[in-house]
Amino acid sequence: MFAALPVVAFPTIDPVAFAVGPVVIRWYALAYLAGFVLGWRYCLGLARLDPDRRPKPEDFDDFLTWAVIGTILGGRLGYVLFYNLPYYLEHPLDALQVWHGGMSFHGGMIGVLTAIGLFCWRRGISPFVFGDIIAACTPIGLFFGRIANFINGELYGRAAPDFAYAMVFPRDPLQVPRHPSQLYEAVLEGLVLFVLLAIAIRNPKLRHRPGTVGGLFLIGYGLSRIIVEFFREPDPQLGFLFVGATMGQLLSLPMVAVGLWLVLRGRRHPLPA
């Protein structure tokens, strides 16, 4: 029945961007690279909005390595713990094989938050002010990451036989039309959230309430992820969990709660004029 319905053709894009001899460069790796480089440059510009305050642009130069390590270690550990723990308990060495895929945004976020806390403690910088700038640049990486997921044909959506823009993904064993949920996430978590946070952090009233922009990011991402998970196919090893929610939705609920707390805290503890 599904095969007879008209669907949008999945674009034929090689997951390998290019190869130099035996070295293969994939779009997924380039997405990470673009996210880090463009995010770093954006942070430098945001740090100049308040030239008389810290953090300074050079602080973000030094933090780039911390961000890369926190993202990769946290993302991998989060995937192992949140999404496939029974498998990795039986095959612990496979947890080190990051080249086989398996990264969790929520784990990566925890890794970066840990890096922010340690870095700011060493530098004597407010982690709330520093975190606001990092939060404002994060949608850049999210956008490129979701586009790379789409190119790979992974993390696709739920079956949608009556949806006009459904696609049949090559990696889908059932070969049925599905929501291109990666693109939904790229728009909501990437483009929309980037614009909203760009407006917020350029508003001095909000920028001078430490933690507010970071809180808005947590709220915006959490709500976006909860919404998109209604269109995204659950991870096969987990399926639907508590009251029919997915792991992505359950992990996003605390994000929204913490985000609300940060926004309220920022109102009570503004920066001195």
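This is a predicted model: local features need pLDDT of at least 70, side-chain atom pairs count only at pLDDT 80 or more; totals for chains, interfaces and linings use all residues.

User: How many disulfides does the structure hold?

Analyst: C137 does not make one, because 3.6 Å to the sulfur of C43 is too far for a bond. C120 is in no disulfide either, with the nearest cysteine sulfur, that of C43, 12 Å away. For the structure, the count of disulfides is zero.

User: Where does C120 stand, buried or exposed?

Analyst: The relative accessibility of C120 is 2%. With the limit for burial at under 20%, C120 is therefore buried.

User: Now the surface: which elements give two or more residues to the nonpolar patch?

Analyst: The patch covers about 380 Å² and is made by L77, L81, L85 and L89. Two elements give two or more residues to this patch: helix 2 (57-83) and helix 3 (85-90).

User: What is the relative accessible area of L85?

Analyst: L85 lies in helix 3 and is one of the patch residues. A patch residue needs over 30% relative accessible area. L85 is partly exposed, and its value is 31%.

User: On to the inside: which helix gives the largest share of the lining of the largest cavity?

Analyst: There is one cavity of 30 Å³ or more, and the largest cavity has a volume of about 140 Å³. Its lining takes in 14 residues, with D50, P55, V129, I133 and R207 nearest the centre. Helix 1 (27-47) and helix 5 (127-152) each give two or more residues to this lining. The largest share, three residues, comes from helix 5.

User: And which helix gives the largest share of the lining of the second largest pocket?

Analyst: This pocket holds about 240 Å³ of space. It is lined by 14 residues, and G70, L73, G74, L77 and G111 lie nearest its centre. The elements that give two or more residues are helix 2 and helix 4 (105-123). The largest share, 10 residues, comes from helix 2.

Key. Residues are numbered from 1 along each chain as its sequence is written. Side-chain values use heavy atoms; hydrogens and water are left out. Patches are made of residues with over 30% relative accessible area and no salt bridge: like charges are joined within 9 Å, nonpolar side chains (Val, Leu, Ile, Met, Phe, Trp, Tyr) within 5 Å. Accessible areas come from the Shrake-Rupley method with a 1.4 Å probe; for residues, only the protein chains shown count as cover. A salt bridge is a side-chain nitrogen of Lys or Arg within 4 Å of a carboxyl oxygen of Asp or Glu. Helices (H or I, at least four residues) and strands (E, at least two) are DSSP runs, numbered from the N terminus. Buried means under 20% relative accessible area, exposed over 50%, partly exposed in between (1.4 Å probe, protein chains only). A disulfide is a pair of cysteine sulfur atoms within 2.5 Å. On a 1 Å grid over the protein atoms alone, a cavity is a set of points where a 1.4 Å probe fits but cannot get out, and a pocket is an open set with protein on both sides within 12 Å along at least five of seven lines; lining residues have an atom within 4 Å of a point. Grid points are joined across faces, edges and corners, and a volume is the space filled by probe spheres set on the points.
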